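Hello,

I am passing a structure on to you, and it is shown just below. After it you will find my notes on what turned up.

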Amino acid sequence: MDIEFILINGIVIACIYGLIAVAVSITWSSLGLLNLGYGFIFAFAGYGAYVTSRSLSEYPPVVLAAGVLVGAVGGVIICALIFIPLHEKPNFTVRGMVGTLAISLIGSQGLLWWFGPRNKALPEIFGRWQVEIGGTVLTSDKIGIVVCSIVMLILIVRWMRSSRRGLEIRAMMMNPHAASIVGIGIRKTGFYVMGITGAMTGLAAVLLSQTYYISPFSGITPLIKGVSIALLGGLGSVRGAVIASVILGFAESLTSTVLGGQYVLITQFLIIIAILMIRPRGIAGILDVAREQ
Amino acid sequence: MHEILNVNGLSAGYGPLRVIHDLDLTIKAGERVGLVGLNGHGKTTLFYAIAGLTGWQRGSIVFNGREVGGTRSQGPGRYTHLIVRQGLALMPQADELFHGLTVEEHLDSGAFTKTAWKTRKQRKERVLELFAPLRDRLKTPVSRLSGGERRMVSIGRGLMVDAKLYLSDEPSLGLAPKIGIGVMEALLKIDLSGSAMIIAEQNVALLEGRVDRVIGMHAGKLKGEASLASSIKRRKA
């Protein structure tokens, strides 16, 4: 057993699934939509990057940007198809979930029909070099994945903290009713939220494609993991989702090294169940600071 | 003076519940009106109907020369942001704050309309002059404030825009009497040239003689009206 290997793998997994988990969390708390369409956005962005690398350029930043952009477009499409028509209907939570799940399944079948069942590979984005720190070998793709996702997360969090649109989204996350009272339009904000979270998913797709191939259904597993991590983090808390993704990332890499890859989902859900039994609100419940007297 | 608000034949409610029954109300520019009535008789619903936040509504609401009412059976809040941009400042009951945002971010969110956003610094200064205790609390999340401070934040947020119509829902509710009077005084200080204000309040004593009109509300209808003169007369007697 190799501790460093487990640690590094855990961080890499945490970064990729953390992006999706944060996206799920933001959408849920600001729009009240448990968006299961990220499975489709994930594959859609992967194919977008693939088509770009084939027809336009294999220059790494272009491929990366294409994935992020196509992901954002996918988010906007889901917003227009599901959120806009449904959001003011009764029982929107369930309808929205079913609708986005339908988009995920139909979209994946559509990709299967268009591109065929053969897996596609993206060019290597981060080159093929490696550094050695204290006897541990860090390959370029692992460093690239960690750096890219952390930079993306920091950029988004800073943008949400400092800009007018960010204030708008945070206000919606905390109290949608009061947000409309101060003049924030739900529909317009919906497009921003879905565009940004779609971009995060797109980035995750391109990053994961450095390890796995792109296939029409490649988004389903990341979706399940992203949603369960968001659930563990407390659905709606960005910090909670980040911490949860680190916990589950380590759990996954530990399980797959010690027990084997087929047990990953079992241990993951056992951990989630255990934590949610003790802390029903997930990790966000631990982080919340009550008013000091 | 021109009319700021003209409500005509308004009914509104939530689902099967009808809270407001065929209500007419006219507010002119420069007026400060008290709306008095017991709990559950429709004061908040009237405000929500003006803001388009009720479950359904019917009847005409002409705000600032534009029809913002009409018949609507679904989508509470869908047009609220457009009505707010027309110059409506709603200071809701129970404050409706964003629990994780700081005081300063709340004031910024009050100036969310495009024109107000550019001058939000001066506007914040103006609100802080009115509510001095908030000045040291600008970076504090509102979840750590006391009830009185939260009310100040909620009202201050409403005052960040140059509204045509201020709707203040029970500004003294749940506050210690002294703090309640202070909040009310701040509301009475606001300059109303070209705009109007409705204050819903159960504590009539706080309003008496200090607003232009007091309107009673009972079971979803307006009941009786006392002008400034008559309320002063009653006070002297």
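How many salt bridges does the rule find across the interface of chain A and chain B? There is one, a salt bridge being a side-chain nitrogen of Lys or Arg within 4 Å of a carboxyl oxygen of Asp or Glu. It joins the side chains of R170(A) and E105(B), with N to O at 2.9 Å.

Some ground rules before the rest. This is a predicted model, in which local features need pLDDT of at least 70 and side-chain atom pairs count only at pLDDT 80 or more, while totals for chains, interfaces and linings use all residues. Residues are numbered from 1 along each chain as its sequence is written, chains are lettered from A and ligands numbered from 1 in the order in which they are written, and side-chain values use heavy atoms, with hydrogens and water left out.

Back to the interface. Here 26 residues of chain A are in contact (heavy atoms within 4.5 Å) with 31 residues of chain B. The buried area is about 2600 Å², with 60% of it from carbon and sulfur atoms; this is the accessible area (1.4 Å probe) that two parts lose on being put together, summed over both. On the chain A side, α6(A) gives the most, with seven residues. Helices here are DSSP runs of H or I with at least four residues, and strands are runs of E with at least two, numbered from the N terminus. By class, this side of chain A has eleven nonpolar, five polar and ten charged residues. For these classes, Ala, Val, Leu, Ile, Met, Phe, Trp, Tyr, Cys and Pro count as nonpolar, Asp, Glu, Lys and Arg as charged, and the others, Gly among them, as polar.

Over all chains the count comes to eleven salt bridges. One of them pairs K225(A) with E252(A), the closest N and O atoms being 3.3 Å apart. K225(A) lies in helix α9 and E252(A) in helix α10 of chain A, so this pair ties together parts 27 residues apart in sequence.

E252(A) also turns up in the second largest pocket, which holds about 560 Å³ of space and has 28 lining residues, with Y17(A), L208(A), T211(A), Y212(A) and E252(A) closest to its centre. α1(A) supplies the largest share of that lining, five residues. The lining divides into 14 nonpolar, ten polar and four charged residues.

A last word on terms: on a 1 Å grid over the protein atoms alone, a cavity is a set of points where a 1.4 Å probe fits but cannot get out, and a pocket is an open set with protein on both sides within 12 Å along at least five of seven lines; lining residues have an atom within 4 Å of a point. Points are joined across faces, edges and corners, and a volume is the space filled by probe spheres set on them.

Best wishes
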